[in-house]
Amino acid sequence: MLSMSECVSDDSYEECRTTADWLLSNTQVRPTVGIVCGSGLGGLAEMLKDPQVFKYSDIPNFPRSTVHGHAGQLVFGTLKGKPCVCMQGRFHLYEGYPIQKITLPMRIFKLMGVETMILTNAAGGLNQDYKVGDVMIIKDHINMPGFAGINPLAGPNDDRFGVRFPCMSDAYNRELRQLAHDVAAELGYDFLKEGVYSVVGGPSFETIAECRMLHRLGADAVGMSTAHEVIVARHAGMRCFALSLISNRAVMDYDSQEKANHEEVLETGRVRSQQLEKLVSIMVARLEQNNNDDNAF
Ligand SMILES: O=P(O)(O)O[C@@H]1C[C@H](O)[C@@H](CO)O1
Ligand SMILES: Nc1nc2[nH]cnc2c(=O)[nH]1
């Protein structure tokens, strides 16, 4: 259970600056790429060369990971020569943090010089063509908590981060999605899909009726993260690419005996992790710099 002080939002520009400066003074790495590891996908951080690891609990203003499968550390290093920072463990709404707190690392990364965010998650497959182990490139999202006003940009806008009303129709970078398709084709990966991710609050998995509703609304996969981070990253002008590992099939049928559970989610991560790591590392190697984004401050 989080204490009251851990729940208080420390998301001001000055606090992000303090954390960014603390990290910059404790590492030589000047990251241009940020990676967020989803449930069971922490192995992505182990690809970094000459890693320098900071426990979240040692970083000023940083929240703590409370979920099994999220190690709770920030790893700096290089991947195919590119300076990177990798979150081995992310934060979720259901952990009890305010939404501004779970997305705080995006602003810290921006202040450190990150231009490109690569985010991963585990998600339930709603699309009936999806199988467990498929990987879905996210082309768009449906922010369900957002319909109830739960948006990380709610509250006063700080123009130093970005504009009051950021556009989200280009949230998931088209060129990076194409790059992922190209790399997957070269690697002979036949499990790559592209679709719409719907974020819900969790931590309970969805009911059958909720899965049916989300599918009808146009979602191909459902999860509990990523979209909020992408909103904040795009607000700050970083380009975003995101992948969902389909760790389970959402139950859509009242006769089904299947039941979603976190262990299955972690196990699917273990099975696909090496292939995902390869895909991400080749993509990073081919990333162009100079992300000229209108939103950038
Ligand atoms: O951090 P991600 O989105 O990968 O975590 C998913 C959603 C829940 O936190 C958990 C459920 O098993 O995995
Ligand atoms: N909400 C949600 N999150 C998930 N993360 C992994 N699988 C699932 C799922 O079925 N539903």
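This dialogue goes through the two ligand sites and the annotated positions of a predicted model.

User: Which residues surround ligand 2?

Analyst: A residue counts as near a molecule if one of its heavy atoms lies within 4 Å of it. For ligand 2 the surrounding residues are Ala122, Ala123, Gly124, Val200, Phe205, Glu206, Val222, Gly223, Met224, Ser247, Asn248 and Val265. By class, 7 are nonpolar, 4 polar and 1 charged.

User: Which strands supply at least two residues each to that shell?

Analyst: Strand 5 (116-125), strand 8 (221-223) and strand 9 (239-249) do. Strand 5 gives the most, with 3 residues.

User: How do I read the polar contacts, and which residues have an atom close to a nitrogen atom of ligand 2?

Analyst: A polar contact is a pair of N or O atoms within 3.5 Å. In the side chain of Glu206, an N or O atom is 2.6 Å from a nitrogen atom of ligand 2. Alone, ligand 2 exposes 280 Å², and the protein buries 95% of that.

User: Where does ligand 2 sit?

Analyst: Ligand 2 is in the largest pocket. Ligand 1 also sits in the largest pocket.

User: What surrounds ligand 1?

Analyst: Its shell has 13 residues, the closest being Ser39, His92, Tyr94, Ser225 and His262. The classes here are 5 nonpolar, 7 polar and 1 charged. Strand 5 and helix 9 (262-286) each supply at least two of the shell residues.

User: Which residues place a polar atom by an oxygen atom of ligand 1?

Analyst: Ser225 has a polar side-chain atom 2.6 Å from a ligand oxygen. The side chain of Arg90 has an N or O atom at 2.9 Å from an oxygen atom of ligand 1, and Ala122 has a backbone N or O atom at 2.9 Å from one. Of the 340 Å² of accessible area that ligand 1 has on its own, the protein covers 96%.

User: Where does UniProt place the feature "binding site"?

Analyst: The unreviewed UniProt entry puts it at Glu206 and Asn248. They span 43 residues in sequence, but no two of their C-alpha atoms are more than 12.1 Å apart, so they gather at one spot. Glu206 and Asn248 are both part of the lining of the largest pocket. Glu206 is in the loop between strand 7 (192-199) and helix 7 (208-217).

User: What does the domain annotation cover?

Analyst: In the unreviewed UniProt entry, "domain: Nucleoside phosphorylase" covers residues 32-284. This span is 29% helix and 26% strand, and its end C-alpha atoms lie 10 Å apart.

Terms used. Residues are numbered from 1 along each chain as its sequence is written. Chains are lettered from A and ligands numbered from 1 in the order in which they are written. This is a predicted model: local features need pLDDT of at least 70, side-chain atom pairs count only at pLDDT 80 or more; totals for chains, interfaces and linings use all residues. Side-chain values use heavy atoms; hydrogens and water are left out. A polar contact is a pair of N or O atoms within 3.5 Å; within protein, one must be able to donate a hydrogen and the other to accept it, and residues adjacent in sequence count only if both atoms are side-chain atoms. Accessible areas come from the Shrake-Rupley method with a 1.4 Å probe; for residues, only the protein chains shown count as cover. On a 1 Å grid over the protein atoms alone, a cavity is a set of points where a 1.4 Å probe fits but cannot get out, and a pocket is an open set with protein on both sides within 12 Å along at least five of seven lines; lining residues have an atom within 4 Å of a point. A molecule sits in a cavity or pocket if more than half of its atoms lie within 2 Å of its grid points. Helices (H or I, at least four residues) and strands (E, at least two) are DSSP runs, numbered from the N terminus. Ala, Val, Leu, Ile, Met, Phe, Trp, Tyr, Cys and Pro count as nonpolar, Asp, Glu, Lys and Arg as charged, and the others, Gly among them, as polar. UniProt positions are given in the numbering used here, feature names are shortened, and annotations may be inferred rather than shown by experiment.
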